[in-house]
Amino acid sequence: MKKRNKFPRIVYKYRNWSIPRHRRILTHNELFLSSPKDFNDPFDTRIPPNFISLNTPEKKRAFVDRQTRTHLKMLSQKESDIEKKRLDDELNLDIWGFQQKYQDGWFQVHDERMGIISLSARWNSILMWSHYADNHQGFCIGFHEEKLRNSGLFARGGQVSYNRKDEMPFIDPLEDDHIIKAFIESHTKAHDWRYEREYRLIRTFYEGIPSDEDRAIRVPNDFIAEVILGMKINDEHRTRITKICQKKGIKVYQVEPVPFRFRLKKRLIRE
């Protein structure tokens with residue numbers, strides 16, 4: 001993970017025991033790397049370079065030259081000249097069309113090749129228990145953040161930033177630092193989502209479009225710090241989860257309401 005502030009010791013994933021893939025996070029220690037197309041936020045990872053900012057002949061020429069150097073170097077001189085003219089025409093005749101065409105293609109690449117696991121610094125969010133853990137009937141699994149970060153299983157990761165303005169962060173199409181651009185794209189969300197206090201880990205599948213099986217990554221038992229049971233979990237699910245945790249040596253907590261407060265607390269039920 002990219003370090004901005006001190007990381008939390010444990011990061012959490014809210015799950016619904018009734019969904020088979022969600023159960024596998026505990027039964028098989030399996031983390032599923034989701035495609036951005038499956039996120040509930042339609043703006044997530046949809047922050048494109050701003051080609052409209054290429055508003056002078058000099059900037060447009062610089063972009064065309066840059067594209068030629070970096071992406072067209074395998075072409076012959078004649079093919080390169082043709083492609084440069086095509087780019088130049090698109091930028092000058094219909095820059096908004098170029099913007100749309102580029103970002104549609106780029107977002108498709110994200111959907112096909114990017115895998116993301118979203119985690120949270122919070123176990124006690126009333127909203128997240130409702131949204132992601134079957135209306136408080138599910139469970140929350142906590143992972144040792146440092147072990148995930150140092151596992152070598154992910155290409156990049158870090159804390160999500162929440163933009164206070166409704167404007168997306170500016171990504172300069174002339175910026176050469178691809179790591180910075182990629183991090184902004186994948187780790188910036190609208191301020192509405194700030195309650196999630198999200199940390200995320202990312203892998204890009206360069207070798208081909210991954211199957212669901214490819215997107216599943218397993219981690220050792222000792223990566224799991226604790227499991228927390230939802231306030232309204234039923235007895236059957238509580239028993240099954242507790243038995244699995246007992247075999248793996250994982251602490252189990254039960255969520256309870258704090259008297260006279262809109263808050264949650266957890267009570268240890270298995271060492």
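We'll visit a few salt bridges and then a pocket.

A word on the ground rules: this is a predicted model, where local features need pLDDT of at least 70, side-chain atom pairs count only at pLDDT 80 or more, and totals for chains, interfaces and linings use all residues. Residues are numbered from 1 along each chain as its sequence is written, and side-chain values use heavy atoms, leaving out hydrogens and water.

Start with E145 and R149. They form a salt bridge (a side-chain nitrogen of Lys or Arg within 4 Å of a carboxyl oxygen of Asp or Glu), with the closest N and O atoms 2.6 Å apart. Both sit in helix 6 (residues 145-149), four residues apart, about one helical turn. E145 is buried, at 2% relative accessible area, while R149 is partly exposed at 28%. Here buried means under 20%, exposed over 50% and partly exposed in between, using a 1.4 Å probe and protein chains only.

Next, pick D65 and K84, another salt bridge, at 3.7 Å between the closest N and O atoms. This one links distant parts of the chain: D65 is in helix 2 (residues 57-71) and K84 in helix 3 (residues 77-93). Helices are DSSP runs of H or I, at least four residues; strands are runs of E, at least two; both are numbered from the N terminus.

Staying in helix 3, select R86 and E83, three residues apart. Their salt bridge brings the closest N and O atoms to 2.3 Å.

How many salt bridges does the structure hold? There are 22.Last, select K13, R15, S34, S118 and Y132, the closest to the centre of the second largest pocket (an open set of 1 Å grid points where a 1.4 Å probe fits, with protein on both sides within 12 Å along at least five of seven lines; lining residues have an atom within 4 Å of a point).
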